[in-house]
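Okay, thanks for having me, everyone. Let me put the chain up on the screen, and then we'll walk through it together.

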Amino acid sequence: MFLTRRSAIAARRLTSNIKLCAWNSTQSNNTTHFGSKTVPVEEKEKLVGDVFSSVASKYDLMNDVMSLGIHRCWKDHFIHKLDAGKRPNSTEPLNFIDVAGGSGDIAFGLLDYAEEKFHDTESTMDVVDINPDMLKEGEKRAMENKKYYNDPRVNFMVQNGEVLDKIPSDSKDVYTISFGIRNFTNIQAGLNAAYRVLKPGGIFYCLEFSKIENPVMDLAYQQWAKLLPVMGSIVANDYNSYEYLVESIERFPDQETFKSMIEKAGFKSVGYESLTFGVCAIHWGVKV
Ligand SMILES: C[S@@+](CC[C@H](N)C(=O)[O-])C[C@H]1O[C@@H](n2cnc3c(N)ncnc32)[C@H](O)[C@@H]1O
């Protein structure tokens with residue numbers, strides 16, 4: 001049937017709303033998913049914490065196994081596309097927050113980019129993570145690189161991204177989150193918290209695994225994903241964490257559904273870019 005552009009957009013919105021309802025219904029008031037398992041809501045945070053405590057010291061290895069090393073290119077593209085930093089003609093440094101940012105990959109990358117491109121050495125960064133072991137990993141890297149360690153511009157904080165109770169409302173210019181939000185017990189609460197802490201005009205910017213749009217590529221990826229827990233047990237002696245990571249990717253909403261959730265939090269000018277056939281995607285929105 002021929003669809004006009006307007007009715008095609010309406011049909012797409014309807015489909016993503018139906019998917020959003022279906023996705024919400026997989027979480028009841030008392031239970032949620034942990035990978036493929038259904039667990040009491042209050043247990044998930046600890047289970048996710050155990051996974052990241054277990055992989056923290058081999059964090060790069062985990063990412064390289066999960067993405068065949070491509071995560072470095074995705075993160076690089078994410079930082080360049082955001083193009084953030086205090087412009088030379090501006091008097092106001094930016095206040096960044098990188099949530100679920102334990103490794104520091106994105107936080108340090110953003111500050112390096114702002115310095116290299118805009119000579120910005122004033123903008124500040126809160127690196128926020130629920131897991132102290134992951135934050136320690138980020139601090140260790142800062143110490144090894146002799147950059148951003150004991151730096152008054154950079155603040156490492158243990159915080160639940162679903163609440164961000166130590167972050168004042170309307171205080172941040174840029175909120176980033178990379179490969180973190182799919183681990184939240186309540187993703188919508190995380191998006192609402194992002195909206196709360198951003199200043200009007202602030203940008204929400206997220207990198208996350210997503211849904212492969214090409215069926216042939218999807219089939220190939222499914223086969224690869226089946227091998228990942230085995231690879232995890234060989235290279236890191238950790239089958240269970242890698243099994244959780246694969247299942248958390250499978251459970252995460254597709255591009256259109258996640259876009260609807262970002263809109264539901266109140267963001268405008270919401271959009272996304274799929275990367276590597278949709279293996280992951282960059283999502284954004286602006287608080288007006
Ligand atoms: C795959 S790592 C991503 C780290 C980093 N952003 C990167 O891209 O390399 C996922 C991170 O999410 C954190 N995390 C999970 N649930 C969280 C929550 N509710 N609030 C804050 N951080 C959370 C984990 O502790 C872990 O450090």
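So, one term before we start: a residue is buried if 20 or more other C-beta atoms lie within 10 Å of its own, exposed if 12 or fewer, and partly exposed in between, with the C-beta atoms placed from the backbone. By that rule, buried residues make up 40% of the 288 residues in this chain.

Now, please keep in mind that this is a predicted model, where local features need pLDDT of at least 70, side-chain atom pairs count only at pLDDT 80 or more, and totals for chains, interfaces and linings use all residues. Residue numbers start from 1 along each chain as its sequence is written.

What's it built from? The chain has ten helices and nine strands.

Next, contacts. Two residues are in contact if their C-beta atoms, placed from the backbone, lie within 7 Å. If you take the contacts between residues at least 6 apart in sequence, 72% of them join residues at least 24 apart.

On to the core. In soluble globular proteins, nonpolar side chains tend to be buried together. A nonpolar core here means a set of buried Ala, Val, Leu, Ile, Met, Phe, Trp, Tyr and Cys residues joined through C-beta atoms within 7 Å. The largest one in this chain has 68 residues, and those with the most contacts inside it are Leu110, Tyr175, Ala194, Val197 and Phe204. Take Val197: if you skip residues up to four places away in sequence, Val197 touches Ile97, Leu164, Ile167, Ser169, Ser171, Lys172 and Tyr175.

Okay, the ligand. Which residues come nearest to the ligand? There are 21 residues around it, and Ala100, Gly102, Asn131, Gly161 and Ser178 come nearest. "Around" has a cut-off too: the C-beta atom, placed from the backbone, has to lie within 6 Å of the molecule. Two elements give two or more residues to that shell, helix H2 (41-55) and helix H5 (105-118).

An unreviewed UniProt entry has the annotation "binding site" on Ser103, Asp129, Asn160, Gly161 and Ser178. Careful, though: such annotations may be inferred rather than shown by experiment; the positions are in the numbering used here, and feature names are shortened.

Let's zoom in on two of those. Gly161 is in the loop between strand S5 (154-158) and strand S6 (172-178). Is Gly161 buried or exposed? It counts as buried, because it has 25 C-beta neighbours inside 10 Å. Leaving aside neighbours within four places in sequence, its contacts include Val99, Ala100, Val128 and Ile130. Ser178 lies in strand S6, and Ser178 is buried as well, with 25 C-beta neighbours inside 10 Å. With the neighbours within four places left out, Ser178 is in contact with Lys75, Phe78, Ile106 and Leu207.

Gln159 is also in the loop between S5 and S6. Gln159 has 21 other C-beta atoms within 10 Å, so it is buried. Beyond four places in sequence, Gln159 contacts Val128, Ile130, Leu164 and Lys166.

Now helix H3 (59-67). Its buried residues are Met62, Asn63 and Met66. Looking down the axis of H3, they fall within an arc of 95 degrees, so they line one face of the helix. That arc is taken from the directions from the helix axis to the C-beta atoms. These buried residues pack against H2, helix H4 (71-82), helix H8 (215-236) and helix H9 (239-251). After H3 comes Leu68, with a positive phi near 55 degrees.

His119 isn't a glycine, yet its phi is positive, about 55 degrees. His119 sits in the loop between H5 and strand S4 (124-129), and it counts as exposed because it has 12 C-beta neighbours inside 10 Å. Thr276, also not a glycine, has a positive phi near 45 degrees. You'll find Thr276 in the loop between strand S8 (268-275) and strand S9 (280-286). With 16 other C-beta atoms within 10 Å, Thr276 is partly exposed.

How values were computed
Helices (H or I, at least four residues) and strands (E, at least two) are DSSP runs, numbered from the N terminus.
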